[in-house]
Amino acid sequence: MSFDRSLPPPPAAVRPFRFGRWESPRLEGGPRIMVLREPGVPLVHLEIVLGIGADRDPVDRRGLTALGAGLLDEGTAGLDALAIAGTVEQLGASLETAADWDGVYVAISSLSEHLPALLELGAEIALRPSLPAGELERLRRLRLAELAHRASQPDFVAGVHAVGLVYGPDHPYGASLLGTAEGVAAIDAGEVRAWHAARARPELTTLVAVGDTSAEEIVALAREHFAGWPGGAAALPPRPPEPPAAPSRRVLVVDRPGADQTELRIARIGPARGAPEYLAARLANLLLGGKFTSRLNLNLRERLGITYGVHSTLGGRRGRGPFSVSCALDTEAAGRGVGEILAEMDRMASAPPPAEELEDGKSYLTGTFPYRLQSLDGLADHLATVAIYDRPDDYFDSLPGRIASLTAEDVARSAADLLRTDDLAIVAVGPAARLARQLEPFGALEVRSDPASPSS
Amino acid sequence: MIHRHLDFPFVRHRLANGLEVVLQPDSRLPLVTVDLWYHVGSKNERPGKTGFAHLFEHMLFQGSANVDTNGHFTHLQKIGGVANGSTSHDRTNYYETVPAHHLELALWLEADRMGFLLPAMTSAKLENQREVVMNERRQRVDNQPYGRAFETLNELLFPAGHPYHWPVIGTMEDIAAATLADVTAFFEAHYRPNNAVLTLVGDFHPDSALALVEKYFADIPGGDPPPPVATPAASHAGERRAVLEDAVRLPRVYAAYRVPPFGTSAWTAADVLATALASGKSSPMYRDLVYGRQIAQNVSVAALPTELEGSLVVAATGHPETDPDELLGALDEHLERARREALAARDLERCRNGLLTAYVEQLQRFDLRADILAQATTLLGEPGRYADRLLEYSRVSPEDIRAFAAATLAPEDRAVVTVVPRADPGRRRT
């Protein structure tokens, strides 16, 4: 068969994608309910969302929300930790409790024939955990060991120092979600009970159900298991403060004398997820460092070969989360790498992207959207964001249109704001003796010994 | 019971040039995954040329006769495609999930690099990707806590000359020494349609999809079968141990055993045993080491699905003050019991439920389902053999698992690697 292979073939007729219709049945005195039927698979995925996360942890109790979320499935009124685990495994279910800056999540899934048992167990764990003091001690010990382990990972160390510089000691965003050893060590059982009591209220809670089920079935079960729910026994902690104004550019080297490579973070404060310019900022970030063919990756990896990969991210939180550029690179090329990253940020901030690059980025955002919706948990996570970020019901339907309407000027405007380089925090974890001279030109340089290095 | 949900229809077709094609239509989402497996991995390398299969995977993203350098990603990302490649001991794959109306673009791209790669290869591209891969190795292995443990474990588990003896990513020296002549020879020996399986899962009609596959792949010539992989008969004698000092805070121990290959019922017994011992909070190892004695921060057991033979790897991370020998001793008590006593029927049922639900959850995703079909076709010769594992899960008895453990998990024939915090953080071995 002979034909011209020199040009890419044109697309066939578009098969449009539409986010599934979900139902929002009301339950008096109960949580917000969202049900998305996906009858094709014999599975059901439930997610119970408590809509306040780690951003209200006191700064002297950093890690409270993450530890509290971990404790939810360690005991309920009727079941101890091992009985919960045993029930989950007999149902062939997977159960996960998790937390991020904006919420606490109890996700449980299995074959839909087990739905009543799954919903009951999920409700007990999310709403009526016993938060036993003995389990807290056990979990605290595990968490402290995990923090010790993370402190040996260069990417974790770089990330923690970067947000520490950007947000300072008084803002919740200035540390890892897992908290600090000091914070985790200080948390007591009464604080965990108060933490839960403040969050487990009907007006802050959402029950998301996706899969082989129906709104009627979910409401009937929710009526049973979310009934008699006192809720709201404790006051909510205050909202986090506004992040501090950034000083001028700073460079921090965290010294690891023998490291084989240098881990780099370049960070500043980004926009809140609900900000009007957030979508334009996402697109600017995508073009800069959010995909393989981004400007940063094509330059530092494909042109210079000094890294396995470089990417940039937006925090995407209720508050103004961090924007950051990350990579692990040749120590000898660290100065060059930082120079190139700053130059790419300046270039993106100073001129609108060419039309083709803009259109490619927009179709990437639109085209990859359904990819993340292949599984029930992917769908449930998206529904949860509607609840957590107060998104309108047509959020996903209107998304392609909102992406399509972004202009090069929108991107340039948001990039000019997002990608300022005069107030960056630059953190390098690696051998200071080889890094200091390379990084001095970029700002006031501080070298810290790595408190996490063994025996230092 | 659960099986009725695991049976999904597929179409299999073999082109005249030897390319195996597996098609599995599903119109739940307007997406299609194109997953091209080549039956070549690091096992096809030889000492002194290690890391080549993986380096080659990078080169396949550097353009071909009709696709520019990085054109593969550019073409796919501009239409909202998600693409990557991966290399293991046994096979290398290239995959993309794209909006369904761009199926033909994905096939054009994969066919161009299967049929027309060499005209676009240059030493400048190779030089660049060698640097990238050396940075990948530093990032994933050398500068990563516990990063060298796994390659040390395989080095001890499989004797010198065994195709699993060396790491998939290769040694720094070998990566640095790769030449353009190596690239060409490797391509010609292994990147042929008769050594590949093309799997499509998603929103397409099988007849028209097959016509497109024919259009782009049928005229790429097949070649000789790749050279056979020699496996030395000789085994190590006795238990082999290594202690690594690393920039870590928590000690970790690994113990590995050689088990029969993926696809055998003994391998599935290993898979069930791994799940029974350490998967989930009610598993005996978790209950004892993490929950009860609290000498471990985590514990895991996994059966690795490799082709020449499998391996079963047990690993546990201690607390800062845990004595690694005590940790290994505690793991050994459980392994000893597994050799002596059959599982309770209830525990077997728990594993079965967990394994099957995890499988059903994977099947939701087009890309993971394509991998399951491609794995069965590439390693076992038949796409339908993906179901063997599921049948075996329901067939295997507690006594089968005990007999497997007794026969295979011999402490006198295993590799043990212990990673301990380095005493002097300022000095590293080079």
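This is a predicted model: local features need pLDDT of at least 70, side-chain atom pairs count only at pLDDT 80 or more; totals for chains, interfaces and linings use all residues.
Local features need pLDDT of at least 70, side-chain atom pairs count only at pLDDT 80 or more, and totals for chains, interfaces and linings use all residues. Residues are numbered from 1 along each chain as its sequence is written, chains are lettered from A and ligands numbered from 1 in the order in which they are written, and side-chain values use heavy atoms, with hydrogens and water left out.

**Interface**

Chain A gives 81 residues to the contact and chain B gives 88 residues, where contact means heavy atoms within 4.5 Å. Between them the two chains bury about 7400 Å², with 55% of it on carbon and sulfur atoms. Buried area is the accessible area (1.4 Å probe) that two parts lose on being put together, summed over both. On the side of chain A, Arg5(A), Tyr308(A) and Gln374(A) lose the most area to chain B, together 12% of what that side buries.

There are 41 residue pairs in polar contact between chain A and chain B, both residues at pLDDT 80 or more. A polar contact is a pair of N or O atoms within 3.5 Å; within protein, one must be able to donate a hydrogen and the other to accept it, and residues adjacent in sequence count only if both atoms are side-chain atoms. The largest share of the side of chain A that touches chain B, 8 residues, comes from α4(A). Helices (H or I, at least four residues) and strands (E, at least two) are DSSP runs, numbered from the N terminus.

**Salt bridges**

The rule (a side-chain nitrogen of Lys or Arg within 4 Å of a carboxyl oxygen of Asp or Glu) gives 66 salt bridges over all chains. Across the interface of chain A and chain B it finds 11, including the two below.

| Asp219(B) | Arg5(A) | 2.7 Å |

Asp219(B) forms a salt bridge with Arg5(A). Asp219(B) lies in the loop between α8 (206-217) and β7 (240-246) of chain B, and Arg5(A) in the segment before β1 (22-23) of chain A, so the pair joins two chains.

**Second largest cavity**

A cavity is a set of points on a 1 Å grid over the protein atoms alone where a 1.4 Å probe fits but cannot get out; lining residues have an atom within 4 Å of a point. The second largest cavity holds about 90 Å³ of space. Among its 13 lining residues, Phe262(B), Leu380(B), Arg385(B), Tyr386(B) and Arg389(B) are the closest to its centre. α13(B) gives the most to this lining, with 4 residues.

Methods:
On a 1 Å grid over the protein atoms alone, a cavity is a set of points where a 1.4 Å probe fits but cannot get out, and a pocket is an open set with protein on both sides within 12 Å along at least five of seven lines; lining residues have an atom within 4 Å of a point. Grid points are joined across faces, edges and corners, and a volume is the space filled by probe spheres set on the points.
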